[in-house]
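Work through the exercises below with the sequence and the model open. Each task is followed by a solution in steps.

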Amino acid sequence: MPPPTSPVLVTKIKVQLKLAIARLRMVQKRDEALAKTQRRAMAQLLEQNKVDSARIRVENIIRSDIITELHEILELYCELLLARAGLLEASPTCDPGLEEAVKSIIYAAPKTEIKELQTVRTLLAEKFGKEFVLQATENSDGKVSEGVVKKLSVTPPKDELVQGYLEEIARAYGVDWPKGKNKELGDPPDFMDDDDDDENPSGGQAQRVLEEPLVGVDEEAAAELKAQEDLSKATPPKSFGPAIPLHVNPPSPSTDNIHPKVTLNRQELTTPTKKPAAVTRKPSEQKGDGVPDLDELAKRFAQLKR
C-alpha cells in the first residue's frame, strides 16, 4: 500500500515541477547554441575534405539532438503533471491518466543532468511507494513512453543518419559536399521552334489575328464583338465616381510614427483644406491692393480738424 497523500507533499511536487520546467527550457537553449557552433565547425571539416574526422564528430551532434528531444518530452510530461495536480491529491494511487508521465519521469530522471527532475522523482517515490518506483525503473509493465526509452538507449547512429546529417550541414553552410553532387547541368535545351509560329500564333501575331475582319460573320455580330473588345480595353475616366472626395483621418502621432500618413494604392491621402472666405473690401481699399488713396486721407484729416 502506498503511503497516504499529504497536501504538503503535493505542494512540494508542484514547486519542483515548475523548477524542472524552467531548468529544461534553459538547458535546451544552451544545447541549441552549442549545436550551432558544432555544425559550423563540421562544415569547416567538410570544406577541408576531412571526412573521417567529420563522421566521428557528427555523432556528438546527433546525440545532442536526441537529448534535446528527450528534454522536450520530459518538459511536456512535467507540464501535464502540473496541469493535473488535482489528481495527485485525489488518490494515494497513481491515476491511469498520469501513469505514463509519472513512470517516464521516474525512468528518465537518473539518466539526465536535471537535478530538479531528480528531486521530482524522489517526491513521486515518496508518494507512490518503492514498488511503484521499481516497476517504473525496470519498465516491467511497459508503461514508460517508447520515445523516452528509445532516446535513452545507447546505440550508435546508423550510417544513413550520419550521411544525412553531413549532407544537411554541408547544404546549410554552402559547402560542395559530396564532391560532384551538384554538377553543372550545362546550357538549357532550346525549346524555341520558329516553324510552329504559324500554327500557334501568340503575342503580337495573335493580336493581329483578332484585329483582322472576321470571315463568315455578319456585320452586326462583328460590330458587337468589336464593341465588347473596346469596352474590355477601356479604362474608367478619372472623374468617374462620386464628386465628394474620400475623407480619412490619419492616426494620431506616436513615438513610433511621429508623422503618420494615410495611403491608398501607394498614394498619400491628404485632408482637403477649406478655401478662405472671400473678403469684401471697400471701394477705397481696392485701389492699390488695400492702401487708401491720398485724396481720401486728406479728406479724413480735414474732418478731424473740424
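This is a predicted model: local features need pLDDT of at least 70, side-chain atom pairs count only at pLDDT 80 or more; totals for chains, interfaces and linings use all residues.

**Exercise 1. A lysine and its contacts**

Is lysine 151 buried or exposed? Locate the residue and name its contacts.

Solution. 
Step 1: lysine 151 sits in helix H7, residues 146–152.
Step 2: its relative accessible area is 19%, which falls under the 20% limit, so lysine 151 is buried.
Step 3: apart from neighbours within four places in sequence, lysine 151 is in contact with Arg63, Ile66, Glu69, Leu70 and Ile73.

**Exercise 2. Cysteines**

How many disulfides does the structure hold?

Solution. 
Step 1: a disulfide is a covalent bond that links the sulfur atoms of two cysteines.
Step 2: the structure has 0 disulfides.

**Exercise 3. Rings**

Find the aromatic pairs and describe their geometry. Which residue lies over the face of tyrosine 107?

Solution. 
Step 1: the count is 1 aromatic pair.
Step 2: phenylalanine 128 and phenylalanine 132 form this pair, with 5.0 Å from centre to centre and 40° between the planes.
Step 3: planes under 30 degrees apart would be stacked and planes over 60 edge-to-face, so an angle of 40° makes the pair tilted.
Step 4: phenylalanine 128 is buried at a relative accessible area of 7%, and phenylalanine 132 is buried at 12%.
Step 5: lysine 111 lies over the face of tyrosine 107, 4.1 Å from the ring centre.

**Exercise 4. Salt bridges**

How many salt bridges does a search of the whole structure find? Examine the pairs formed by arginine 25 and glutamate 75, by aspartate 31 and arginine 30, and by glutamate 168 and arginine 171.

Solution. 
Step 1: the search of the whole structure gives 10 salt bridges.
Step 2: in the bridge between arginine 25 and glutamate 75, the closest N and O atoms are 2.7 Å apart. Arginine 25 is in helix H1 (residues 7–47) and glutamate 75 in helix H2 (residues 51–83), so the bridge ties together parts 50 residues apart in sequence. Arginine 25 is partly exposed at a relative accessible area of 42%, whereas glutamate 75 counts as buried at 10% relative accessibility.
Step 3: aspartate 31 forms a salt bridge with arginine 30, its closest N and O atoms lying 3.1 Å apart. Aspartate 31 counts as buried at 9% relative accessibility, while arginine 30 counts as partly exposed at 39%.
Step 4: the side chains of glutamate 168 and arginine 171 meet at 2.5 Å, N to O. Both residues lie in helix H8 (residues 159–172), 3 residues apart, about one turn of the helix. Glutamate 168 is partly exposed at a relative accessible area of 42%, and arginine 171 counts as exposed at 58% relative accessibility.
Step 5: salt bridges with shared partners join Arg25, Glu75 and Glu79 into one network.

**Exercise 5. The whole chain**

What pattern does the protein follow along the sequence?

Solution. 
Step 1: the protein has 12 helices and 2 strands.
Step 2: along the sequence, the pattern reads α-α-α-α-α-α-α-α-α-α-β-β-α-α.
Step 3: 24% of the 306 residues count as buried.
Step 4: among contacts with a separation of 6 or more, 69% come from residues 24 or more positions apart.
Step 5: the protein exposes about 23300 Å², of which carbon and sulfur atoms supply 54%.

Notes
Residues are numbered from 1 along each chain as its sequence is written. Side-chain values use heavy atoms; hydrogens and water are left out. A disulfide is a pair of cysteine sulfur atoms within 2.5 Å. Rings of Phe, Tyr and Trp (its six-membered ring) pair if their centres lie within 6.5 Å; planes under 30 degrees apart count as stacked, over 60 as edge-to-face and the rest as tilted. Buried means under 20% relative accessible area, exposed over 50%, partly exposed in between (1.4 Å probe, protein chains only). A charge sits over a ring if NZ of Lys or CZ of Arg is within 6 Å of the ring centre and within 35 degrees of the ring normal. Helices (H or I, at least four residues) and strands (E, at least two) are DSSP runs, numbered from the N terminus. Contact means heavy atoms within 4.5 Å. Accessible areas come from the Shrake-Rupley method with a 1.4 Å probe; for residues, only the protein chains shown count as cover. A salt bridge is a side-chain nitrogen of Lys or Arg within 4 Å of a carboxyl oxygen of Asp or Glu.
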